[in-house]
Structure formats: structure tokens, C-alpha cells
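Colleague: I am new to this structure and would like to learn how to read its salt bridges and helix contacts. Please show me the model.

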Amino acid sequence: MSFAIKLHELRIANRLSLQQVADKIGISKAHVWNLEKGQADNPSMELVLKLADLFRVRVSDLVGENPDAAGEDAEMVAMFRDLKRLEDDDRETIKMMMEQLRLRRERG
């Protein structure tokens with residue numbers, strides 16, 4: 001689940017308006033809206049921490065990097081478990097492969 005969707009869901013679940021979230025973490029209402037719509041790229045770690053504190057969730061849950069979170073694809077969770085069982089050198093190999101795939105995707 002994306003950061004934008006998770007942020008929106010948390011705000012609605014906590015019955016907070018855009019303005020209330022903005023006031024509580026010290027940003028503009030427009031910035032909260034942009035975050036929820038996925039139009040604000042790379043929020044600062046300080047901002048992510050403030051949002052995680054506000055909603056009482058882990059940063060990993062907020063940014064969608066918790067493989068144990070509800071709603072995660074079962075195959076992805078299984079891959080994560082497999083990755084944890086590998087030796088350090090095997091994990092390093094996979095890390096390099098993923099970096100090469102990411103670079104190829106960015107180049108188009």
C-alpha cells in the first residue's frame with residue numbers, strides 16, 4: 001500500500017480533517033492534501049516521523065515497508081521470509097541485482 005493511501009486511510013480512521021492533521025504536525029493543509037494524493041515527492045524523514053507519531057503507527061507501516069502488515073501480498077511476504085533466511089553474501093548478491101533492475105527501470 002502506498003504512503004499516500006495509508007496516510008489518507010489513517011486520517012479518515014482517526015476522524016481528522018486535513019486542517020487538523022496540518023495543525024498537529026506543523027504543515028499546510030495543502031501539503032497534507034498533496035501527500036495524500038501522491039503529489040508531494042519524498043517527504044522528509046522528520047515529517048514522516050511526525051505523521052507516524054500522530055497516528056501512533058510504525059514508520060514502516062506508514063511508508064508501506066512492513067512485510068507483516070495487513071493487506072500485504074502473500075507472495076511478497078513469503079519472499080521477505082526467504083530473504084531473511086539467506087546468508088549475508090547471498091543477500092548482498094540479491095541487493096546488487098535489485099539495484100541493477102532499479103537502474104534499468106529508471107533509464108526506461
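Colleague: With which residue does arginine 11 form a salt bridge?

Modeller: First, the ground rules. This is a predicted model, where local features need pLDDT of at least 70 and side-chain atom pairs count only at pLDDT 80 or more, while totals for chains, interfaces and linings use all residues. Residues are numbered from 1 along each chain as its sequence is written, and side-chain values use heavy atoms, with hydrogens and water left out. A salt bridge is a side-chain nitrogen of Lys or Arg within 4 Å of a carboxyl oxygen of Asp or Glu. Arginine 11 forms one with glutamate 36, and the closest N and O atoms are 2.4 Å apart.

Colleague: Which parts does that pair tie together?

Modeller: Helices (H or I, at least four residues) are DSSP runs, numbered from the N terminus. Arginine 11 belongs to helix H1 (residues 3–13) and glutamate 36 to helix H3 (residues 29–36), so the bridge ties together parts that are 25 residues apart in sequence.

Colleague: Does arginine 11 count as buried or exposed?

Modeller: Buried means under 20% relative accessible area, exposed over 50%, and partly exposed in between (1.4 Å probe, protein chains only). Arginine 11 is buried at 10%, and glutamate 36 is buried at 9%.

Colleague: At what angle do the axes of H1 and H3 cross?

Modeller: Two packed helices are described by the angle between their axes and the distance between the axes. Axes are lines fitted to C-alpha atoms, for helices over the stretch in contact, and angles run from 0 to 180 degrees between N-to-C directions. Here the axes of H1 and H3 cross at roughly 120 degrees and come within 7 Å. That makes H1 oblique to H3; angles under 35 degrees count as roughly parallel, over 145 as roughly antiparallel, 65 to 115 as roughly perpendicular and the rest as oblique.

Colleague: Which residues make the contact?

Modeller: Contact means heavy atoms within 4.5 Å. H1 supplies Phe3, Ala4, Leu7, His8 and Arg11, and H3 supplies Val32, Leu35 and Glu36.

Colleague: How many salt bridges does a search of the whole structure find?

Modeller: The search finds seven. One of them joins lysine 50 and glutamate 46 (3.5 Å, N to O). Both lie in helix H4 (residues 45–55), four residues apart, about one turn of the helix. Lysine 50 is partly exposed at 34%, whereas glutamate 46 is exposed at 52%. Glu99, Arg102 and Glu106 are linked in a network of salt bridges.

Key:
Helix = DSSP H or I, 4+ residues; strand = E, 2+ residues; numbered from the N terminus.
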